[in-house]
Amino acid sequence: MAPSTTVPSASAVEVPETLLKKRKQTEKAREERLAAAAAARKAQKAKRTVLFKRAETYVQEYEQKEREEIRLKRVARAAGDFYVPAQPKVYFVIRIRGINEIAPKPRKILQLLRLLQINNGVFVKATKATQQMLRLVEPYIAYGFVTFSFHHLTYTDRPRPTSEPNLKSVRELIYKRGYGKVDKQRIPLSHNAVIEEALGKYDILSVEDLIHEIFTAGPNFKQASNFLWPFKLSNPTGGWRTRKFKHFVQGGDFGDREENINKLIRQMN
């Protein structure tokens, strides 16, 4: 009996070889993609564990140094002496004055410090050279030093500074207003991958690593500080003092205000 139609069925139609090859390639690419995603998830999980352990180590280090400071104070008091803390390692510098009537030398120093706008702030390592530079541009800046605070401990002889803990100030600055310099672009620190890509070769993989390097003035402080874009701060809550361009000790705002810089950071952050 002759077939009722000459149209071949779907099973009788042969698939072109090019389409078969394309299907195989697509399936292979899909499998590779899934395998790469699984490997990335596994690596990310392992990295998170490492970063968490690092953060715990940093907290223990900060607390140990705080306890050591208290122990040294007690020993000095028991011996009838005075305890003199170590010299500060890091300054936080804020520009408070504009560009009018600035001599060439201070102008160049402000450029070297990357303080190009009013209310810009940067971390600076305390060396003899930087201290001399800060003295030359003192009328245009407000600055103070970063020291270990006594935030976690509750001893009765714990010092009571006039400002918030400095580690807290550094952390809030970087978390709230931190931007990185990536290919000369201002990129928000929204993910640890941004930091790892730029500073991974210096073993700085996360925001906490960056905070630790800045706070302790570590061996890669220069690279970490240069990676951070100058902080763009707001005018302080409540405004500046009445005589802004007098020295801090004379009732103004410019110059070295030591640990009182934390109060200003809190008002401007």
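Helices are DSSP runs of H or I with at least four residues, and strands are runs of E with at least two, both numbered from the N terminus; axes are lines fitted to C-alpha atoms, for helices over the stretch in contact, with angles running from 0 to 180 degrees between N-to-C directions. The model is predicted, so local features need pLDDT of at least 70 and side-chain atom pairs count only at pLDDT 80 or more, whereas totals for chains, interfaces and linings use all residues. Residues are numbered from 1 along each chain as its sequence is written, and side-chain values use heavy atoms, with hydrogens and water left out.

**Packing around helix α6**

Helix α6 (residues 207-215) packs against two helices, as the table sets out.

| Helix pair | Angle | Axis distance | Crossing |
|---|---|---|---|
| α4 (residues 166-177) and α6 | about 130° | 10 Å | right-handed |
| α1 (residues 17-78) and α6 | roughly 30° | within 10 Å | left-handed |

Angles under 35 degrees count as roughly parallel, over 145 as roughly antiparallel, 65 to 115 as roughly perpendicular and the rest as oblique; α4 and α6 are therefore oblique to each other. The angle between α1 and α6 is roughly 30°, which makes α1 roughly parallel to α6.

With contact taken as heavy atoms within 4.5 Å, α4 contributes N166, L167, V170, R171, I174 and Y175, which meet V207, E208, L210, I211, I214 and F215 in α6. This contact of α4 with α6 divides into 9 nonpolar, 1 polar and 2 charged residues, where Ala, Val, Leu, Ile, Met, Phe, Trp, Tyr, Cys and Pro count as nonpolar, Asp, Glu, Lys and Arg as charged, and the others, Gly among them, as polar. On the α1 side, L51, R54, A55, Y58, E61 and Y62 meet E208, D209, H212 and F215 of α6, and the classes there are 5 nonpolar, 1 polar and 4 charged.

On a 1 Å grid over the protein atoms alone, a cavity is a set of points where a 1.4 Å probe fits but cannot get out, and lining residues have an atom within 4 Å of a point. The structure holds 1 cavity of 30 Å³ or more, and the largest cavity has a volume of about 40 Å³, volume being the space filled by probe spheres set on points joined across faces, edges and corners. R114, G121, V122, F123, I214, S225, L228, W229, P230 and F231 line the largest cavity, and β2 supplies the largest share of that lining, 3 residues. By class, this lining has 7 nonpolar, 2 polar and 1 charged.

Definitions and conventions. Left-handed = near helix turned anticlockwise from the far one by under 90°. 1 Å grid on protein atoms, 1.4 Å probe; cavity = no way out; pocket = protein on both sides within 12 Å on 5 of 7 lines; lining within 4 Å.
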